[in-house]
Amino acid sequence: MSTPPRTGLWLIGARGSVATTTITGAAALAAKLAPPTGLVTETPPFAGASLPPLDSLVFGGHDTASCPLPKRAEALAEAGVIPHGLPSALHAELAAADAAIRPSSPAPASDRSDEDALIDTYAHDITDFARTHALARTVVVNVASTEPRPGTPEEPLPASSLYAAAALRAGCPYVNFTPSTGLHHPRLAEAARTAGVPYAGRDGKTGQTLLRSVLAPMFAQRALAVRAWSGSNLLGGGDGAALAEPAAAAAKNAGKERVLADNLGALPEGEVHIDDVPALGDWKTAWDHIAFDGFLGSRMILQTIWQGCDSALAAPLVLDLARLLARADEQRLTGPVEGLGFYFKDPDSGPADLHGQWRALLGLAGRLTPASGGAA
């Protein structure tokens, strides 16, 4: 039996919590040390889509951090994010991925000539990774910390856009799992249009907004008038520290607001507050308070509390998206891939409600199945 071609997964922020959990999880699943809980692409609707096997994935990436992946995984095990024993059982796999991580610039370039040189360097790192490991293709996924949105198109490209441009230059499918600008920068519009690769984004939908995409359509469908929808997030770790900056928090909240506006027809009163609580580490608590009117104007309230581990919620989605984009690239799909709104707060297209997004995702699975011919 022939060995399937290997697929690269190049992570921007490769030593962060989400990336470490993703790499550890993929290795654990390939070694049959854990069940594929949360991995949608391992469910029956995707069995015929010819997605790359989990044991064919090879990991690398860029990061400014220097802590080796095995030690990062040990820290996550101590925090209860991943099971104890996995980091030692998978030490060889984590060390191999860590050896493929390349340093990245901690700040955006200062002028256009520097930008182009950085993009070239990042693109070379990606193509060298693919060549060294004899990969059929490489999917680039941004899982780095949220950055503030740029002020004007004339400013230097933000780091996320430099990496996105490098993915295009290397001819790689690209996923923006963060709220950062990435490919959405106006200066990258033409490059994205002509690159001939599939891409998807933006901002992975893992917790509070996932629940909002279920509840908001319920109110609209039941003709219940939402008067106000307020929320609060308590979180620690790298995300908590990054989102303590108001400009970064505003970028994050834009997607949370969009799902309400798209499903309710207008954005109700209320705000989302994000508070950094370092003691929580990778765990977060999200609280929503929804004020709505019922029949004859009766005033009612719904409150929800979501407590979870963001890295453990995000990692299976990163693997899903990498496999789907790799298959889309194999099928020669280009541009924003239709049907992936299920995974994002701020999708490129499609319905805003989770049920509609699920149906669109199933449609994509059908298009990726060989018997369908893969037509977009």
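Glycine 231 sits opposite valine 272 of strand S8, and on another count it also faces aspartate 288 in S9. The model here is a predicted one, where local features need pLDDT of at least 70, side-chain atom pairs count only at pLDDT 80 or more, and totals for chains, interfaces and linings use all residues. Residues are numbered from 1 along each chain as its sequence is written, and side-chain values use heavy atoms, with hydrogens and water left out.

Strands and helices are DSSP runs numbered from the N terminus (E, at least two residues, for strands; H or I, at least four, for helices). Strand S7 (residues 225-235) pairs with S8 (residues 272-276) in the parallel sense, over five bridges; pairing takes at least two DSSP bridges between the strands. With strand S9 (residues 283-293), S7 runs antiparallel, and ten bridges join the two. S9 goes on to S10, again antiparallel, through eleven bridges, one place being aspartate 293, whose bridge partner in S10 is arginine 299.

Put together, this gives an open sheet of four strands with mixed pairing, in the order S8-S7-S9-S10. S8 and S10 (299-309) are the edge strands, each pairing on one side only. Neighbouring strands are turned by 10 degrees against each other on average, direction ignored. Helix H8 (residues 208-221) packs on the sheet and touches S7, S8, S9 and S10, its direction making about 170 degrees with that of S7. Helix H11 packs there too, touching S9 and S10, at about 80 degrees to the direction of S10. Contact means heavy atoms within 4.5 Å, while angles run from 0 to 180 degrees between N-to-C directions, with axes fitted to C-alpha atoms, for helices over the stretch in contact.

H11 (residues 310-330) also packs against helix H1 (residues 17-30), at an angle of about 60 degrees and with the axes 8 Å apart. On the H1 side the contact includes Thr21, Thr22 and Ala26, and on the H11 side Ala312, Ala315 and Val318 are among the residues involved. By class, that contact has seven nonpolar, four polar and no charged residues.

Both helices turn up again at the second largest pocket, each supplying at least two residues of its lining. H1 gives the most, with seven residues. Of the 21 lining residues, the closest to the pocket centre are Thr21, Gly25, Pro35, Thr37 and Ala312. The lining divides into 15 nonpolar, six polar and no charged residues.

Technical notes
Nonpolar A, V, L, I, M, F, W, Y, C, P; charged D, E, K, R; others polar. 1 Å grid on protein atoms, 1.4 Å probe; cavity = no way out; pocket = protein on both sides within 12 Å on 5 of 7 lines; lining within 4 Å.
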